[in-house]
Amino acid sequence: MSGSGTRPQAGMVLPTRTTEEVRADRPEVAVLPVGSFEQHGAFLPLVTDTVIACTVAAEIAAAYPVLQLPPVTVSCSHEHAAWPGTVSISAATLYAVVRDIADSLRRSGIRGLILVNGHGGNYVLRNIVQESAGTDFRMALFPGSADWEAARTRAGVRTPANSDMHAGELETSILLHAHPELVRPGHETSDWISDDRKHLLTLGMSAYTETGVVGRPSRASADKGKELLAGLVDCFAEYLSLVGAEKEAG
């Protein structure tokens, strides 16, 4: 380990396909992981949302004929600014980056783009997808709340979604399964419940949690993480059909 305390980010493995491999496979739809760089309590890394988005995208790419893109790693995390290490860009910048990526994909022959969002604060992604309706380049935002709920039920996640907001049972479970080396000690004793977050956007997370956690990470397990990912992969088929892919899942 270096003097700065940096650990290898195993969850950040990038897609490695070549141009010739993409040409041979002729994918019609791309998936773009969108994460964040923000606090996740004392036991999960700042890059948690990006790791989760990349993990979901990689599972999707293993099951469906899509082009997996490298992630957008910094996004709209302004509500977490009270904690050191958090970095944000404006909603306007995130909008412009994703729109530019979509335009580039269209020029290269891709028919549609599905945004795999790992951070709930990226509200502007909804507007980007909304604006694509009725155009010749369809977009979708995944996972939706219903997809997460189906996956949570399948995995036996016990904490209600409203209570499991940040660094809780769901996120910790996914990392325990996919990248356990990124989970530091302490999640077993870090539960923090704050269900009434009425003014979150105005006051930020620090008004509702001292530790940065909102949820029950003590309930997390690798088995739940495995089933969460499997549930999301199953839900993805509907989205692929919506953006115009004609090939069947592999």
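Rings of Phe, Tyr and Trp (its six-membered ring) pair if their centres lie within 6.5 Å; planes under 30 degrees apart count as stacked, over 60 as edge-to-face and the rest as tilted. By this criterion, ring pairs join Tyr64, Phe142, Phe236 and Tyr239 into a cluster. The model is predicted: local features need pLDDT of at least 70, side-chain atom pairs count only at pLDDT 80 or more, and totals for chains, interfaces and linings use all residues. Residues are numbered from 1 along each chain as its sequence is written, and side-chain values use heavy atoms, with hydrogens and water left out.

Q: How many aromatic pairs does a search of the whole structure find?
A: The search finds three.

Q: Why is the pair of Phe142 and Phe236 called edge-to-face?
A: The ring centres are 5.3 Å apart and the planes stand at 85°, so the pair is edge-to-face. Phe142 lies in strand 4 and Phe236 in helix 8 (residues 222-242), 94 residues apart, so that the pair links distant parts of the chain. Helices (H or I, at least four residues) and strands (E, at least two) are DSSP runs, numbered from the N terminus.

Q: What makes Phe142 buried?
A: Buried means under 20% relative accessible area, exposed over 50%, partly exposed in between (1.4 Å probe, protein chains only). Phe142 has a relative accessible area of 0%, so the residue is buried. Phe236 is also at 0% and therefore buried.

Q: Which strands are the edge strands of the sheet?
A: Two strands pair if DSSP finds at least two bridges between them. Four strands form an open sheet in the order 2-1-3-4, with parallel pairing. Strand 2 and strand 4 are the edge strands, each pairing on one side only. Strand 3 and strand 4 pair in the parallel sense over five bridges, and Ile114 stands opposite Ala140 in strand 4.

Q: Why are the buried residues of helix 3 said to line one face?
A: In helix 3, Leu94, Val98, Arg99, Ala102 and Leu105 are buried. Seen down the helix 3 axis, the buried residues fall within an arc of 125° (taken from the directions from the axis to the C-beta atoms), so they line one face. The face turned away from that buried side carries the exposed residues Ala92, Asp100 and Arg107.

Q: What do the buried residues of helix 3 pack against?
A: With contact meaning heavy atoms within 4.5 Å, they pack against strand 1 (29-34), strand 2 (66-68), strand 3 (112-117), helix 4 (124-132) and strand 4 (138-142).
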